[in-house]
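The report below takes them in turn.

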Amino acid sequence: MAFSSCLRCHPWISSHNLNQPFISHQISQPTKVTSFPFSRNCAKPPSKLSFAVSSGASNALLSPDFTPKQLLDGLRHQDDEASALHLFQWASKQPNFVPTLPMYEEILQKLGNAGSFDSFRQVLDDLKHSDIVVVESTFFILIDSYAKFQLYDEAVGVLDVMKEEFRVTPGTHTYNFLLNVLVDGNKLILVESVHSKMLNIGVKPDVSTFNILIKALCKAHQIRPAILMMEEMANHGLAPDEKTFTTIMQGYIEEGNLGGALRIREQMIAAQCPWSNVTINVLINGFCKEGRVEEALIFVQEMVNEGFSPDRFTFNTLISGLCKVGHVNHAMEILDLMLQEGYDPDVFTYNTVISGLCKLGEVEEAMEVLNQMLSRDCSPNAVTYNAIISTLCKENQVEEATELARVLTSKGILPDVSTFNSLIQGLCLTSNFSTAMEIFYEMKTKGCQPDEFTYNILIDCLCTKGKLDEALRLLKSMESSGCPRSVITFNTLIDGFCKIKKIEEAEEIFDQMELQGVSRNVVTYNTLIDGLCKCKRVGEAAELMDQMIMEGLKPDKFSYNSLLSYFCREGDIQKAADIVRTMTSNGCEPDVVTYGTLTQGLCKASRVEVASKLLRSIQMKGIVLTPHAYNPVIQALCRRKRVKEAVRLFREMEEKSDPPDAVSYKTVFRGLCSGGGPIGEAVDFVVEMTEKGYLPEVSTFYMLAEGLCALNMEETLVKLIDKVMVRAKFSDNEVAMIKGFLKIRKFEDALASFGRVLNSRKPRKGYW
């Protein structure tokens with residue numbers, strides 16, 4: 001089967017580079033320069049090496065009676081192509097100059113690497129008019145040089161230059177070299193053309209030819225044609241080798257089909273084709289890529305029994321696979337085994353382990369691995385430090401993260417945008433915005449350009465603080481710096497304006513998105529719909545939902561819940577119920593927030609019994625409700641002095657739904673203290689509440705204290721105060737002062753001091 005027929009049946013699909021285990025010839029991608037294509041006709045002979053060169057090179061290392069070997073060594077030691085060319089020009093004028101093919105190849109290599117194709121062509125012309133016999137491998141330099149600069153048509157043109165200008169017939173090796181660079185450059189149409197030409201002129205393909213073509217098909221995700229190509233090898237008297245089988249295995253693995261790769265391995269065994277570490281490592285990587293690390297370890301043991309010796313790649317693959325599935329401790333054991341086997345872990349190994357530990361929040365252990373890395377003379381890089389710095393910032397250890405960033409700089413590793421972003425985010429999360437801005441300006445002065453994430457962090461922080469004018473200035477700075485602004489940036493600003501009820505400004509940002517060519521998403525619409533509803537502009541919110549649908553976006557539960565919340569706040573239960581029905585008919589299932597909002601609305605409309613029935617009907621659907629749904633009903637019952645029913649509902653929530661929250665406990669406690677029920681029940685409840693980690697409200701506790709004192713139950717009061725002080729972590733001095741008042745029976749003074757300290761223990765909201 002011809003390669004072209006594979007292409008016609010299976011069109012080329014651009015893909016990421018396949019990590020081909022054998023053909024490792026990679027071509028870099030420098031900036032494209034003006035090409036100087038080969039002439040198809042012989043030009044008149046130029047004067048020997050008459051082209052212009054720079055005069056900056058030195059020939060001080062060569063005496064006039066140099067040997068060809070000395071000249072070749074001198075050319076190889078030149079730092080750039082201009083210096084090498086100048087030295088060659090000087091040497092050509094010496095009386096004992098004898099040009100050789102290696103000299104020309106060295107000059108061509110340097111010029112090709114630099115993309116100096118004008119001089120490149122002139123050196124080639126000079127070689128053509130010399131008496132030197134040129135071989136096939138010389139032209140590999142030409143092909144490779146053009147490919148480096150993505151000049152693939154010129155690379156293919158080398159075939160004509162060989163034959164027409166140098167009378168050298170391209171053979172199998174030349175075609176293989178050319179096909180390989182074309183495959184690496186994803187130029188499959190040219191591969192088809194060159195392969196057809198190869199067959200038409202009678203150049204016989206060898207195993208390497210087939211392996212290259214199979215690699216091309218695997219890169220294009222065309223595994224079946226690749227297998228057919230392998231089967232065609234027999235028609236040419238060829239047998240697949242390890243490269244053939246392993247390339248197809250790798251193709252299957254890239255497709256996420258380890259089973260297919262294992263079937264190819266069975267074919268390889270049946271063909272009695274010998275394997276090496278490369279084949280085994282490809283399969284180990286396949287197991288790990290699919291998260292089947294235990295099977296990978298079993299496979300390694302099986303292959304060790306057959307003579308396989310794990311190498312650095314094996315260990316790195318296993319360590320990476322274990323860390324990805326969270327088995328970092330096992331990865332550490334593999335790291336120890338790697339050291340025992342005499343393999344030094346590299347920066348990739350250590351980075352994998354450090355990253356794995358950081359994902360588990362084990363920063364101290366990550367620092368220990370970093371110290372081990374340093375003790376073994378393995379230099380950390382920015383990736384190493386960024387993993388730890390990012391985790392420290394997430395753990396609110398920003399000072400430690402900043403110190404580590406300084407260490408990073410002192411070791412000559414300049415912080416990158418990820419480093420700065422982690423620090424800025426950590427500072428914003430800990431409400432150190434002024435320091436975050438200092439870091440922001442510092443990164444710009446150090447030549448590190450802030451990216452979209454940097455700006456979004458700062459804009460979000462400013463919006464949270466209500467500093468919208470500063471956020472807009474930062475948006476303009478973002479635009480002037482050329483940093484792209486995404487939907488996240490605009491959504492953050494819209495949310496910021498909506499939170500402070502500046503809807504007109506939010507709508508202006510919303511309109512700007514269309515002018516800036518930024519597509520709005522569901523979050524954009526939901527944010528503005530919610531803002532409009534909270535400002536009682538529900539008509540506009542409904543129109544916006546219609547616009548949302550016209551733009552091809554489907555309203556979700558957040559869209560409907562905003563409208564639902566508005567009608568519930570207004571006490572319009574009928575329209576609220578209509579929203580729920582519309583929501584369900586449009587395929588959007590109500591969630592716990594929907595039902596919680598609805599129960600709140602029913603309670604506000606004094607329809608507590610309906611709300612209670614709704615809770616039970618929701619439970620019958622198997623939905624696990626949150627305190628958000630129960631609390632409004634419990635509060636309504638307590639307000640109506642129906643405390644027993646409130647307590648019963650509280651216990652039902654404990655049994656069938658999410659655990660009660662602080663609001664649940666405080667509501668029931670207040671109800672028990674003010675509802676005229678048995679005081680012992682209130683005492684037992686506050687003990688239960690405190691043991692669950694919730695502190696009573698001071699005003700409610702005062703009510704209980706008054707009741708206890710009125711019933712001469714001061715000892716019970718003292719015990720309750722002791723229990724609350726322990727849970728609230730009163731200081732020794734605070735405890736001593738309050739106990740002193742209690743001892744001399746100054747209960748009012750004791751309660752006043754107790755209340756003042758307890759109020760100071762109330763949690764305060766931080767950033768985010």
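## Salt bridges

R121, D125, K128 and E165 form a network joined by salt bridges. A salt bridge here is a side-chain nitrogen of Lys or Arg within 4 Å of a carboxyl oxygen of Asp or Glu. The structure has 35 salt bridges.

The model is predicted: local features need pLDDT of at least 70, side-chain atom pairs count only at pLDDT 80 or more, and totals for chains, interfaces and linings use all residues. Residues are numbered from 1 along each chain as its sequence is written, and side-chain values use heavy atoms, with hydrogens and water left out.

| Pair | N to O distance |
|---|---|
| E106 and R76 | 3.7 Å |
| D344 and R376 | 3.2 Å |
| R642 and E609 | 3.0 Å |

**E106 and R76.** The closest N and O atoms of this salt bridge are 3.7 Å apart. E106 sits in helix 4 (residues 101–114) and R76 in helix 2 (residues 68–76), so the bridge ties together parts 30 residues apart in sequence. Helices are DSSP runs (H or I, at least four residues), numbered from the N terminus. E106 is buried, at 17% relative accessibility. R76 is partly exposed, at 46%. The classes rest on relative accessible area: buried is under 20%, exposed is over 50%, and partly exposed is in between (1.4 Å probe, protein chains only).

**D344 and R376.** Their side chains meet in a salt bridge at 3.2 Å, N to O. This pair links distant parts of the chain, 32 residues apart. D344 is in the loop between helix 17 (328–340) and helix 18 (347–359). R376 is in the loop between helix 19 (363–375) and helix 20 (382–394). D344 is partly exposed at 45% relative accessibility. R376 is partly exposed at 40%.

**R642 and E609.** This salt bridge spans 3.0 Å, N to O. The two residues are 33 residues apart and link distant parts of the chain. R642 lies in the loop between helix 34 (627–639) and helix 35 (643–656), while E609 lies in helix 33 (residues 608–620). R642 is partly exposed at 24% relative accessibility. E609 is partly exposed at 41%.

## The setting of T527

Where is T527 placed? T527 is in helix 28 (residues 522–534). Is T527 buried or exposed? T527 is buried, with a relative accessible area of 14%. Residues up to four places away in sequence aside, T527 touches I494, D495 and C498. Contact means heavy atoms within 4.5 Å.
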